[in-house]
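Hi,

Here is the structure I promised to pass on, with some notes on what turned up in it. Have it open while you read, if you can.

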Amino acid sequence: MNNLVRNYGDLQPADLEWLHLLVSEWQLLADLSFADLVLWVPTSDDRYVAVAQMRPNTGATSHQDDLVGDFVSRGDRPMLDAAYSEGRIVREGDPEWRDDVPVRVEAIPVRRDGRVIGVIARNTNLLTARTPSRLELTYLQSAADLAQMIASGFFPYKGEQVDMDASPRVGDGLIRLDSEGFVQYASPNALSAYHRLGLTSDLVGCHLGRTTAELAPSERPVDEAISAVASGWAPRETEVETAAAVVQVRAIPLKPRGARIGAIVLLRDVTELRRRERELITKDATIREIHHRVKNNLQTVAALLRLQARRMDSPQARAALEEAVRRVGSIAIVHETLSQTLDERVDFDEIADRVLSMVTEVAASAPRVRTARHGSFGVLIAETATPLAMVLTELLQNALEHAFDTHSGSLEITATRTGERLVITVVDDGAGLPPDFDPQVSGNLGLQIVRTLVGSELGGRFDMGAGEEGGTVVTLDFPVRRVARG
């Protein structure tokens, strides 16, 4: 729509915003009318361009093809011309025949601030026409009122933010109110929704605002919006919840000539949807609590290992326990991060920075080494983040212990994420590798852990070799999984 209006139309930005607001709401008009809608905007060269189209959910379409982007010259569609120039709804003329289907065509001017800025062509497929039921008559009357509101510039309502994907639709349940808020008609789905809320009688003749307020649990404070919305006074949306059901309610006051003559209230039973949402919230909270407790337990284990290390007389035993403390600590960092997220995904950049800080804080060579991280790991699932944190811990610890035993220099991590793969390099300019070093066999326990985790947990490749200007280059290359393995 934006491109068509800007390229061919002559509308102000506020006019375009009004059309966007209208299009976000006009599924309601299409469903109540049992008709297709096409929005035509005048162009600067005496034509109309179709900028939007909507088909009804309640009836057969009259347009098999998409019309958006089509042009019509002035004079070819007299009804469009009359609606645009005269600012009134035009219904004159016999039905048109399209592919052996009779179609009734109407033109509704779109008015904003006293100016007509476009025309809606309403096209009704008459092939399935029959004697209308009470429900269909109510739909059509409500559609006529909405159409007049559009022609008068009273609809859509300014400032009303509606998510049409989540809001109630015509087929979910509809109630027609008079000017005092009493029910004139309730569709079967609407009546069923109120029965689930606890209503034991019919709705017709009831004051919907008072009836709805009475159904709300008395032990809870009554939301004043419930009565106002259910009475049809305000163009708002709310939810009514009882012990048995949750019903979404949206009111649209009807003001075809400026004065309120009543309202339509759309209803949707969202009981099952809200139940599943609460289950997910409870599940998420439980998972975060589990991660929090695992982190606490790991920190306790690390503290016990650290305490034991201080009591060891053997330097080798003390070093082994300190390595175990760092391994446990890297896993604890992942669980701490997971305890603060709403899903099993983490921004691994933060974890990498914390692992780098944790390792350098306790390394004897840390004062002589400059560390840095480049690039971004991105968001990773927990099943990838945990082994990767341990791998980074081992590689960083190995470099700080062996590459800079007597040297000073730099240690850098670079992450490159392309598509579905993540490539990580750990580069140092330290002492380098022994001449007979084989990265797939040689090494201490830390490198054995790295090889095992990269191969079995990450499903990737690990390589370790000499840098072009000395030092060591470690490369990790593995696929990034979007979901955990079943």
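Two residues are in contact when they have heavy atoms within 4.5 Å of each other. By that rule, and not counting residues up to four places away in sequence, Thr212 touches Tyr194, Ile226, Ala230 and Val240. Thr212 is part of helix H7, residues 208–215. Is this threonine buried or exposed? Thr212 counts as buried because its relative accessibility is 1%, and buried means under 20%. Please keep in mind throughout that this is a predicted model.

Now to the core. The largest nonpolar core has 50 residues. Those with the most contacts inside it are Phe348, Phe377, Leu388, Leu395, Leu422, Ile424 and Phe462. Helix H12 (residues 382–403) gives this core its largest share, 11 residues. As background, nonpolar side chains tend to be buried together in soluble globular proteins.

Next, an open sheet. Its five strands come in the order E13-E15-E16-E18-E17, and the pairing is mixed. Strand E13 (369–375) and strand E17 (461–466) stand at the edges with a single partner strand each, so one side of each has no neighbour in the sheet. On average, neighbouring strands here are turned by 10° against each other, direction ignored. E13 pairs with strand E15 (residues 409–418) in the parallel sense over seven bridges, and Gly375 stands opposite Ala415 in E15. Helix H13 (residues 445–457) packs on the sheet, where it touches E17 and strand E18 (472–479). The direction of H13 makes about 140° with that of E17.

A hairpin is worth a look too. Strand E7 (residues 174–178) and strand E8 (residues 183–186) run antiparallel and are joined by three bridges. Leu177 stands opposite Val183 in E8. Four residues lie between the two strands, and Gly181 in the turn has a positive phi of about 95°.

Some backbone details may also interest you. Which peptide bond is cis, with omega near 5°? That is the bond from Phe155 to Pro156, and Pro156 sits in the loop between helix H5 (134–152) and E7. Asp46, in the loop between strand E1 (36–42) and strand E2 (47–54), is a residue other than glycine with a positive phi, near 60°. Asp113 also has a positive phi, near 50°. Asp113 is found in the loop between strand E5 (101–112) and strand E6 (115–125), and counts as exposed because its relative accessible area is 54%, where exposed means over 50%.

Finally, take Val23 in helix H2, residues 13–25. At 22% relative accessibility, Val23 counts as partly exposed. Not counting residues up to four places away in sequence, Val23 touches Met1, Leu39 and Ala52. Val23 and Arg268 are 245 residues apart in sequence, and their C-alpha atoms are 21 Å apart in space.

Definitions and conventions. Residues are numbered from 1 along each chain as its sequence is written. This is a predicted model: local features need pLDDT of at least 70, side-chain atom pairs count only at pLDDT 80 or more; totals for chains, interfaces and linings use all residues. Side-chain values use heavy atoms; hydrogens and water are left out. Two strands pair if DSSP finds at least two bridges between them. Buried means under 20% relative accessible area, exposed over 50%, partly exposed in between (1.4 Å probe, protein chains only). Axes are lines fitted to C-alpha atoms, for helices over the stretch in contact, and angles run from 0 to 180 degrees between N-to-C directions. A nonpolar core is a set of buried Ala, Val, Leu, Ile, Met, Phe, Trp, Tyr and Cys residues joined through side-chain atoms within 4.5 Å.
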